[in-house]
2 protein chains.
Amino acid sequence: MADINDQISSAEPKKGGENRPDSRSPAAPPGVEPILLELTELLFFAYRDFICEPDAILAEFGFGRAHHRVLHFVNRHPGLRVADLLDILKITKQSLGRVLKQLVDEGYIVQRAGKEDRRERLLYPTERGKTLAAQLARSQLHRIAEALEDAGAGASQSVRDFLYHMVAPEDRASVTHLLASVTPQSGGDRSGS
Amino acid sequence: MADINDQISSAEPKKGGENRPDSRSPAAPPGVEPILLELTELLFFAYRDFICEPDAILAEFGFGRAHHRVLHFVNRHPGLRVADLLDILKITKQSLGRVLKQLVDEGYIVQRAGKEDRRERLLYPTERGKTLAAQLARSQLHRIAEALEDAGAGASQSVRDFLYHMVAPEDRASVTHLLASVTPQSGGDRSGS
DNA sequence: TCGTTTATGTCAGCCATGTTGACTTATTTT
DNA sequence: AAAATAAGTCAACATGGCTGACATAAACGA
């Protein structure tokens, strides 16, 4: 990457009354903890790089990030209803419908009517869907595992607590519920949050 | 939010040879640590909710997330070059150009030729830009501060280390450099980049 | 039983923001 | 003087959000 602030210009403002740069006064409300500003940017960079590797794989399949999110949650929480997915993704039915239809048409996800309420469409990954989901998850899980190692022993609990409390308070209960409703991955335990 | 897995259907597959659901076998490669899968989802939820409040403010100004990102980095790192911004955002010059032009035209950002290399356009927030940036940052900083409190004392260092190591290794140096090149927020010191 | 609500699907169109490719201008470097 | 670099711009296109309107099937309530 290129250097930043190679030259902080101290040149003349030369722009009428309005648009002066104000390059040397505080850029945010005074008194903000530096750590908060750092974490804001780190969260951006972390997320940016977290999704870039799956993107490359998805492109080969003609899919995008939206497909990844849908496939991920269906794979990890089989039996999810369409309404659940809408709550999770916080997008409209129409937006979801577009990508879900493609995943169903191409055999990555199947839908079955709910046993008790036959209006519901419960979503399940097919073998093909599980394979792609696993492929997409590989680099992401690896990156998280390494980052946890690099961050040291106690980090995982702190990170989990932090991220959990970054979730909007009104959604925490459902996130907790969702995380607790996971198909066992390898016989591991599944204690509530 | 709605319940999840209200009924895991055990109904008959009823779909020819291909698309069987496979609802009860592990959804990811066996042996993956549950914490890694949890953090994957928490990162999604945390980021989802981290950007939703600014989105509402931006909408009032006729701006979107792309404008937020540009304004944020220009505000916090005044004197940034266009090339730096491209490295940070990892988007194309044309994509950046579109939103940057709007921010300049509407008086949120000004550009000045570099003092040493006059081809460079150094970017600075105007007073108006700083005001909007601060307004956008408010809820985000507050959310992070609360999450850190909720996560307990030592969390901030762990979270910072974790997020830093989530950044692609080849970009870590520039992220470090960027974080160190910050305009003091409240009269703090400003060690050279 | 019948009317209403609910869960889902779908059509049509719009907007924001990402992409590629080609090209221009100003400036610095060689 | 020529080449490389920083930036800006035009055109066209793709993805994935959005709204509004409407259809269907199933469940529910009076």
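Reader: How far apart are the end C-alpha atoms of helix H8 (residues 169–180) of chain A, and what span should its residues give?

Author: In this predicted model, H8(A) has 12 residues, and at 1.5 Å a residue these should span 16 Å.

Reader: Which residues of H8(A) are buried, and what covers them?

Author: The buried residues of H8(A) are A:Asp171, A:Arg172, A:Ser174, A:Val175, A:Thr176, A:Leu178 and A:Leu179. Their cover comes from both chains: chain A contributes elements including helix H3 (65–76), strand S1 (80–81), helix H4 (82–89) and helix H7 (155–166), while chain B contributes helix H1 (34–50) and helix H6 (127–151).

Reader: Which strands of the chain A sheet stand at the edges?

Author: The sheet is open and antiparallel, with its 3 strands in the order S1-S3-S2. Each edge strand has a single partner, so one side of it is left without a neighbour in the sheet, and the strands in that position are S1 and S2 (109–113) of chain A.

Reader: What is the bridge partner of A:Leu80 in S3(A)?

Author: S1(A) and S3(A), the latter covering residues 121–125, run antiparallel and are joined by 2 bridges. In S3(A), the partner of A:Leu80 is A:Leu123.

Reader: At what angle do H7(A) and H6(B) cross?

Author: Residues that meet here include A:Phe162 and A:His165 from H7(A), and B:Ile144 and B:Leu148 from H6(B). The crossing is right-handed, and the two helices are oblique to each other. Their axes come within 8 Å and cross at roughly 135 degrees.

Key:
Residues are numbered from 1 along each chain as its sequence is written. Chains are lettered from A and ligands numbered from 1 in the order in which they are written. This is a predicted model: local features need pLDDT of at least 70, side-chain atom pairs count only at pLDDT 80 or more; totals for chains, interfaces and linings use all residues. Side-chain values use heavy atoms; hydrogens and water are left out. Helices (H or I, at least four residues) and strands (E, at least two) are DSSP runs, numbered from the N terminus. The expected span of a helix is 1.5 Å times one less than its number of residues. Buried means under 20% relative accessible area, exposed over 50%, partly exposed in between (1.4 Å probe, protein chains only). Contact means heavy atoms within 4.5 Å. Two strands pair if DSSP finds at least two bridges between them. Axes are lines fitted to C-alpha atoms, for helices over the stretch in contact, and angles run from 0 to 180 degrees between N-to-C directions. Angles under 35 degrees count as roughly parallel, over 145 as roughly antiparallel, 65 to 115 as roughly perpendicular and the rest as oblique. A crossing is left-handed if the near helix is turned anticlockwise from the far one by less than a right angle, and right-handed if clockwise.
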